[in-house]
Amino acid sequence: MLLETWESVDKIVRKDVIEFGPFSKKPTECASCEVVIANIHSPHVCVEDLKNKFHSNILDNVTEKTLIIGEANCEIDRQIERALQMMMILEKSSITLHLTLEGVDQPVEIRFEVTLVKVKPHKPMWEWTPEEKYAIALKYKETGVCLFKESRWVDAFHKFSKACKILITLEPIPDLELDAKLESNINNLRLVLYNNMAGCQLNRKNYEHTISLCTKVLNKENNNVKALYRRGVAHGSLRDFEKAVADLMIVVTLEPHNRAAKEQFLIYNVKLQEATQKFEDMVRRMFKT
């Protein structure tokens, strides 16, 4: 039986069918979708402002467009992709998004109609070869780097995370008996992704997540400078000055001309000495006769 209404478990996306399409395979990752989007409306926020502030490439004045599943680079577009992945070819539906967007005081509701005109399918992920998975993960990583350079930490994190999830499907890699160069490239890319996700988390001041991601890198490369620096700063931000100094000391030793690492090392080394002195003074007072 065809469902007239579908709602995501998290209640963010709701799809109400206006016209059913014939039964067909729904769009999956990397599928190309020709769509018609109309009647975009947000009750309390200007749609143009949403498009500009949150970098939506879908909520614009172009009604007919081609979208590639997986290429959304902002929260609005990512949720629209979720709706498309629940649609049949030639289906027309009313989509309602309930979003919590950074910088907006109240939840944002966006409504629009979409018709899925045509789909150029892409084979499901479990049929991708290791080479294909690596190539697509690398493409997502490069997009994430561009977003990172624009200080779009959340959008960059989503892109790095998506790439990482693709590579995880290759585990355990040794069992695949890959070409040595491809295996090395996959392993190196995974470490780069962990490091880049840590950079996003650090900029978002999510220090525990930063430490966890950096530790994954350092378990494989114990002298990875970026991971050591980011973990050191995260430890320092959590007032664990001893661990901060330990990580940053290694960075300064490996890269004596790293100005940022030197500055952070000096800051946290002073704080560590102050904390140590306070502790020693407290102990002396406790045992003073």
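Predicted model: local features only at pLDDT ≥ 70, side-chain atom pairs only at ≥ 80, totals over all residues.
Two strands are said to pair if DSSP finds at least two bridges between them.

Six strands make up an open sheet, and their order across it is S1-S2-S5-S6-S3-S4. The pairing in this sheet is antiparallel. At the edges are strand S1, residues 5-7, and strand S4, residues 64-68, each of which pairs on one side only. From one strand to the next, the twist averages 30 degrees.

Let us now consider individual pairs of strands. Strand S5 covers residues 92-99 and strand S6 covers residues 108-120; the two are joined in the antiparallel sense over eight bridges. Which residue of S6 is the bridge partner of Leu97? The partner is Ile110. Likewise, Thr96 is found opposite Arg111 in S6.

On S3, the picture can be followed in two directions. Towards S6, S3 is joined by eight bridges, and these two strands run antiparallel. Towards S4, S3 is joined by five bridges, again with the strands running antiparallel. Ser32 illustrates both pairings: opposite Ser32 in S6 stands Lys120, while in S4 the bridge partner of Ser32 is Ile68. As a general point for those new to the subject, side chains in a regular strand alternate between the two faces of the sheet.

What lies across the strands of this sheet? Helix H2, residues 75-84, lies across S1, strand S2 (13-19), strand S3 (32-41), S4, S5 and S6. Relative to S5, helix H2 runs at about 140 degrees.

Arg82 belongs to helix H2 and Asp10 to the loop between S1 and S2, so the pair ties together parts that are 72 residues apart in sequence. In general, side chains of opposite charge can pair when their charged atoms come close. How many salt bridges does a search of the whole structure find? The search finds 18.

I move on to the packing of helices. Two packed helices are described by the angle between their axes and the distance between the axes. Helix H7, residues 225-237, packs with helix H8, residues 241-254, at an angle of about 155 degrees, and their axes are 8 Å apart. Angles over 145 degrees count as roughly antiparallel, and H7 and H8 are therefore roughly antiparallel to each other. The crossing of H7 past H8 is left-handed. On the H7 side, the contact includes Val225, Leu228 and Tyr229; on the H8 side, it includes Phe241, Leu248 and Leu254. By class, this contact of H7 with H8 holds nine nonpolar, three polar and three charged residues.

Helix H7 has a further neighbour to discuss, namely helix H5, residues 180-203. The axes of H5 and H7 come within 10 Å and cross at roughly 25 degrees. That angle makes H5 roughly parallel to H7. This crossing of H5 and H7 is also left-handed. From H5, the residues Asn195, Asn196, Ala198, Gly199 and Leu202 meet Lys226, Ala227, Arg230, Val233 and Ala234 of H7. The contact of H5 with H7 divides into five nonpolar, three polar and two charged residues.

Finally, two details of the backbone. Most residues other than glycine have a negative phi, and most peptide bonds are trans. Where is Pro172 placed? Pro172 is in the loop between helix H4 (153-168) and H5, and the peptide bond from Glu171 to Pro172 is cis, with omega near -10 degrees. Ser151, in turn, is in the loop between helix H3 (130-149) and H4. Although Ser151 is not a glycine, its phi is positive, at about 65 degrees.

Thank you for your attention.

Key:
Residues numbered from 1 in each chain as written. Heavy atoms only, no water. Helix = DSSP H or I, 4+ residues; strand = E, 2+ residues; numbered from the N terminus. Axes fitted to C-alpha atoms, helices over the stretch in contact; angles between N-to-C directions. Contact = heavy atoms within 4.5 Å. Parallel < 35°, antiparallel > 145°, perpendicular 65-115°, else oblique. Left-handed = near helix turned anticlockwise from the far one by under 90°. Nonpolar A, V, L, I, M, F, W, Y, C, P; charged D, E, K, R; others polar. Salt bridge = Lys/Arg side-chain N within 4 Å of Asp/Glu carboxyl O.
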